[in-house]
Amino acid sequence: TLASLPPDIKQMIVRIEENSMDNIRQISHSWNSIVLDYLKTPSFLLPIDRVYFSSDPEVKWANDEARKLVHMYAIIPEQRTANVGFGKWLKVH
């Protein structure tokens, strides 16, 4: 079964199937642990292509309070959007 595979094989599968991590974590406790360990590795850390800061009071989507803040915009590679919450907790304007 998938749950009985050796850890090194599980690690290879996790690296290959990055976009399926949520499903892989549900296979078993050991698979969940492998995925969580992988997420902590420096090779998985979120690459950011560019970062912009803006305090533009004319931002169309901002409310009055938000216009008083400095906003940070990060450009990330498309293949990593699922790993940072795009479509879940991350708001895109």
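Modeller: In α3 (29-39), the buried residues are Trp31, Asn32, Ile34, Val35 and Tyr38, where buried means under 20% relative accessible area, exposed over 50% and partly exposed in between (1.4 Å probe, protein chains only). These residues lie on the same side of α3, because they cover an arc of only 160° around the axis; the arc is that of the directions from the helix axis to the C-beta atoms. This is a predicted model, in which local features need pLDDT of at least 70, side-chain atom pairs count only at pLDDT 80 or more, and totals for chains, interfaces and linings use all residues. Residues are numbered from 1 along each chain as its sequence is written, and side-chain values use heavy atoms, with hydrogens and water left out.

Helices (H or I, at least four residues) and strands (E, at least two) are DSSP runs, numbered from the N terminus. The cover over the buried residues of α3 includes α1 (7-16) and α2, contact being heavy atoms within 4.5 Å.

The largest nonpolar core consists of seven residues, namely Val14, Met21, Ile24, Trp31, Ile34, Val35 and Tyr38. Such a core is a set of buried Ala, Val, Leu, Ile, Met, Phe, Trp, Tyr and Cys residues joined through side-chain atoms within 4.5 Å. Two or more residues of this core come from each of α2 (21-25) and α3, and α3 gives the largest share, four residues. In soluble globular proteins, nonpolar side chains tend to be buried together.
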